[in-house]
Amino acid sequence: MQKSVLQDTVFHEREDSIITKGKQKKQLTCDTASVAGCVSQRACVYCGARVVLNPVTDAIHLVHGPIGCASYTWDIRGSLSSGSELYRNSFSTDLKEKDVIFGGEKKLARAIDELVAEYPTKVVFVYATCIVGVIGDDLEAVCKAASAKHQIEVIPVQSSGFAGNKAAGYRAACDALLRLIKPSQKKNKPKASTVNYLGDFNLAGEVWIIKDYLKQIGIELNVAFTGDSHYEALKNATTASLNIIQCAGSMIYLAQRMEELYAIPYMNISFLGLEDTAASLRRIVDSFGDPEMKLCLEELLVRETSKVKPTLDWYRERLQGKKAAIYVGGGFKAISLIKQFREIGIDVVMIGTQTGRQEEYQTINELVDEGTVILDDANPSELEKFMVEKGAHLLVGGVKERPLAYKLGIAFIDHNHDRKHPLSGFVGAVNLAKEVATTLCSPVWQYV
Ligand code: SF4
């Protein structure tokens, strides 16, 4: 029955990327190229790279391509800085037809000269876009020459938009970061009880919330990748004794490479929701094996939980029985959101990601109830179909999903990078519950 419904409305090529828990035993297909013609919700390679690198606050971010690609700016992401604001600019070489015919390398070299003169910095990231991949500009050579000329680091980011999917962009950004953090000849000495925090982009100051928790239990945050990071801090990344990863989809590759190259162990954590925040802090503390730290942590957990628990209980009473559909970028966030919605009495009836990995989908499958639709790399018509079929009251997604929900008269909350309030840690759990309740209980839905 389910199969025939899918065949009616889903492209045949997409069937392996969609399962309904309890109805199909097959393994979900993920991490593959999008099906041509499906207008996937996934972002391009360049966007993936930009997500990861843009929060480096004191860098020049130069987009080598047509002006349209540079519309990806700080204004649509909202990661905060405690220092330089240079990253808020989106510089572009503004390639035109003439450059496509004769090549854009000279224009790129001139743009770097001009920018470095105007905005003194120690690092420039140069992003390749679709057209650069097509015309074949040698980014590596231009960046190398500019680096020698200006005596700063000019790092090419090999992120031609069509050369894979968003996950390939994450990898391109991680490769650029690896070039940047490469230690100098004198070996950096590792510092005890310090962590690098990977995969948090300091949206609405989320890195600062986690930094404060860690500080209260005696752990120093060395550098975050890449929220509120800067050149000098990133250069010291190899001194940390542990890498913790929030967004595994974007940063697991970097963590693995840092373990191979610099013997820094890593662990996946999540600071979304009470359950995952407490469990993650405990795992970090356990890895240091310090009884005093353990004591501080347990005190912190009692303190923070008692502050937010009554509020969350209040929201749970009002939200009990509502149904949510989730479509987000990575698998780690999807997993945490299932648990977090459970904390406030909401069932997840549809869940999907742009770049989830097989092991993440397995965890999702274990967590959700029978009948929940799980889908990878969805397109708008699939999202609409399953939201309606499953009777979702709420869609959780990003800017591309928002109109789908509103067209169907369904509430929407933004869990992507353009939001202005933090959703991490204990304070974030309350913010999420409040936002969900505000939108779900709005009187507007009675007029749909
Ligand atoms: S890199 Fe390509 S797909 Fe990405 S924004 Fe630019 S033109 Fe579009």
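Analyst: Two residues are in contact if their C-beta atoms, placed from the backbone, lie within 7 Å. This is a predicted model, in which local features need pLDDT of at least 70 and side-chain atom pairs count only at pLDDT 80 or more, while totals for chains, interfaces and linings use all residues. Residues are numbered from 1 along each chain as its sequence is written.
User: Which domains does the assignment give?
Analyst: The protein chain has domain 1 (45-181), domain 2 (194-297) and domain 3 (320-417); such bounds come from an automatic or database domain assignment.
User: How many residues of domain 1 are in contact with domain 2?
Analyst: In domain 1, 24 residues are in contact with 22 residues of domain 2. On the domain 1 side, H7 gives the most, with eight residues. Helices are DSSP runs (H or I, at least four residues), numbered from the N terminus.
User: What classes does that side of domain 1 have?
Analyst: The side of domain 1 that touches domain 2 has 14 nonpolar, seven polar and three charged residues. Ala, Val, Leu, Ile, Met, Phe, Trp, Tyr, Cys and Pro count as nonpolar, Asp, Glu, Lys and Arg as charged, and the others, Gly among them, as polar.
User: Changing topic, at what angle do H13 and H14 cross?
Analyst: The axes of H13 (residues 331-343) and H14 (residues 358-367) cross at roughly 15 degrees and come within 9 Å. Axes are lines fitted to C-alpha atoms, for helices over the stretch in contact, with angles from 0 to 180 degrees between N-to-C directions. H13 and H14 are therefore roughly parallel (angles under 35 degrees).
User: Which residues of H13 meet H14?
Analyst: Gly-331, Phe-332, Ala-334, Ile-335 and Ile-338 in H13 meet Glu-360, Tyr-361, Thr-363, Ile-364 and Leu-367 in H14. The residues of this contact divide into seven nonpolar, two polar and one charged.

Technical notes:
Helices (H or I, at least four residues) and strands (E, at least two) are DSSP runs, numbered from the N terminus. Angles under 35 degrees count as roughly parallel, over 145 as roughly antiparallel, 65 to 115 as roughly perpendicular and the rest as oblique.
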